[in-house]
Amino acid sequence: MRRTRKAGLPLALAGALVAGSTLYGVPVAHAASGTLSLDYRCDYPLLGLQDVRVQMTVDNIPDNPKVNEEIKGLPITAKATIPAATVEGLRTINAAKLTGFATAEAVVTQPGFPAPNIAPRVGFDPPTVDIPTSGDFTINTKGTSPSLSFTKAGWGEINVGNLTLRVTPLDASGQQTSLGQLNVKCYQKPGQKNSLVQFYVDDGTTPQPPKPAPTTLQAAQPPVEYGRPTYQPNVHKYDLTYTCDFPILGPSDEKGILKVRAEVDFPDKVKVNDYAPRIKIVSTNVLGANAVDALTQVSAVKLTKTTAYARADMTVPQYASPVKATVALPVPDTDIPQDYPSPPMTINATGQAPALVFTKAGSASMSIGNIDLETTPVQADGTPTQLGNVKAPCVKDPADQISKIDFEITDGGGPAPDTQAPTVPANVKVEAGAPASSSLKVSWDASTDKPDAGASGVGGYLVFRDGQQVADVKDGTSYTDSGLQAETEYKYGVVAYDKAGNKSEQSSPVSGKTGPGSTTPPTSGAFELSGSSSLKAANGKVALAGSVSGTVDAGGNVSADLKLKPATGTFSILGFLPVTADIAFAPQGRTTGTLSGGTLSTTTKTVVKVSSVKLFGIQIGGGSTCQTGSAATIPLRSTDFTVAGGGTLTGTYTLPALQGCGVLTPLLSAFVAGPGNTVTLRATPAK
């Protein structure tokens, strides 16, 4: 039987991930080693499809494990080779280091029920890897697989599939680059043999059949193949002035002046999901006479190993903030004039940025910023001067002419993107709600979106109470704000937004006041609870039991203490793996809501604790620190509720991700957390 599983592991690049993820279920008998090399194409944001080669090695692979024999963790090492093209792209976005994690995909064919294909933690060695300025580089990783066992005799096999990386590029200071964390899907190139190992599980009685031929997993391919159109030259020319801080010029007021004639070749329009052309830059730089004179005074006759690093900001629709970029402009060795008095000298620099891919249409721009110069002045005999390697930051004159290139990213000829906000909601009113002592009704006139053909349409309204958002209304033009204090004044404002994400200004504040509260003492009640909750991701149920006691005031406001007993849930992971989990509930504050007629609406917030998770009776996770990372918000509603007789409550909720569950936390969370969970509870008056 063949099954595919995805799981998390702390990354480097493809290599480690694959190695780790594939070795679950590999047995321990006569030790051997397995090695596999695979080529991938990784789809990076902005950089497009980039190659990576991964070589993995697993030691102590057993030839013939025994049925029900525990298989200890196996040592895993992997090496990922990152090509020069990817290095160029990462360096362009100011990346100097890499760290992160990933998920891996593998297929395990095994006798009996498949063992869980859980990716082991295979991390960088060391944890953060330096990116060279150019050329290929290698990332080494290591880790250990978990322990498993098999329940039936037969041949098994492990195949390696695709990868998903979450890589965080860091700049030289260790801070995230402007792209933040990158989610990168890596697709295995077709036509490769991806069987890592075959093994036989022995029960001591069944005759061993001949070893079958290795199989090849057909991995999914990229959903989009980016186009490579031909662009005509489109040169933008700028004359810029920089002030450079050369260490050889003495006092800080004697700075070097650098005049730059920049020519940038880039089109006025590019298309979504096509590679834009490489950004070509030709720069003619004139270094001032004072800097030249200072160089000659230290016997410098030539500038060598010179590079100008041009800084730029790129504003594109797919990112909320400008993308910080750097383009290296190599300079050929240049003779320094030896005339007296020293004349200015010309330095020519040419470079290009990699071809980029834009995935969202709209207006975009590139702005030329400051320049950093690095050079090594040498003497007549070719040896460096006493200055060694010189680094000079050059700041662009703020009074300079415009140095920005505007361009459009198109989606193939459709209407222009909607960048205009809807009109401000008008005629906002605040009236008494029901009950008047604890609710207010806010209403307004409908807004209109951009009237031309490019309008995306009004998407909804955000309602603010005293400056804080309290509602997102997607249908209609009114909202009833409940659970308020009696005889209290509140101020409301409304913001309209369209389907493109543009927001209007907030309407002028309008005040409303709740009515007086009742002097009638609240009604109290206590109920026994019984029912169950179905977890969608885990494909199973948890039986629920507990109690609730609370009060309902004259205005219909409910306040209660909810207590749920610890429970054991039974689930079927992937539809066939039997898992049990011991669960406890830690409510965060009181349960609140309203009762109007027979309709009871409540909200409960609770942290869910998981003390034990077992697969085939073997504990694989949980513990005293294993719980949801935040409280789950559980809304419940009943249409037949009375304080005297109780009623049936139902609801749907999202379970937050787990944390603190040990090495398998990402896997356990993937199989438990998520939306679409349901709950049904019967409240019966306590005896």
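Let me begin with a term: a residue counts as buried when its relative accessible area is under 20%. The structure I am showing is a predicted model.

Where do the two partners, Phe266 and Phe407, lie? Phe266 is in the loop between strand 13 (256-265) and strand 14 (269-271), while Phe407 belongs to strand 22 (residues 404-410), so the pair ties together parts that are 141 residues apart in sequence. Phe358 joins them: ring pairs link Phe266, Phe358 and Phe407 into a cluster. For the model, the count of aromatic pairs comes to six.

Another ring has a charged neighbour. Arg228 lies over the face of Tyr275, at 3.9 Å from the ring centre.

Back to strand 22, which also holds Asp406. Is Asp406 buried or partly exposed? Asp406 is partly exposed, because its relative accessible area is 47%, and the buried class is limited to values under 20%. Leaving aside neighbours within four places in sequence, Asp406 has contacts with Asp268, Ala364 and Ser365.

Next, helix 3, which covers residues 289-296. Its buried residues are Ala291, Val292, Ala294, Leu295 and Thr296. What do the buried residues of helix 3 pack against? They pack against four strands, namely strand 15 (279-287), strand 16 (302-315), strand 19 (345-353) and strand 20 (362-378).

Last, a sheet. In general, strands of a sheet pair through backbone hydrogen bonds, either parallel or antiparallel. Here we have an open sheet of four strands in the order 26-25-28-29, and the pairing is antiparallel. Strand 26 (468-473) and strand 29 (510-513) stand at the edges. Each of these edge strands has a single partner strand, so one side of each is left without a neighbour in the sheet. From one strand to the next, the twist averages 30°.

Inside this sheet, strand 25 (residues 458-465) and strand 28 (residues 489-498) run antiparallel and are joined by seven bridges. As for who faces whom, Gly460 stands opposite Tyr497 in strand 28.

Key
Residues are numbered from 1 along each chain as its sequence is written. This is a predicted model: local features need pLDDT of at least 70, side-chain atom pairs count only at pLDDT 80 or more; totals for chains, interfaces and linings use all residues. Side-chain values use heavy atoms; hydrogens and water are left out. Buried means under 20% relative accessible area, exposed over 50%, partly exposed in between (1.4 Å probe, protein chains only). Helices (H or I, at least four residues) and strands (E, at least two) are DSSP runs, numbered from the N terminus. Contact means heavy atoms within 4.5 Å. Two strands pair if DSSP finds at least two bridges between them. Axes are lines fitted to C-alpha atoms, for helices over the stretch in contact, and angles run from 0 to 180 degrees between N-to-C directions. Rings of Phe, Tyr and Trp (its six-membered ring) pair if their centres lie within 6.5 Å; planes under 30 degrees apart count as stacked, over 60 as edge-to-face and the rest as tilted. A charge sits over a ring if NZ of Lys or CZ of Arg is within 6 Å of the ring centre and within 35 degrees of the ring normal.
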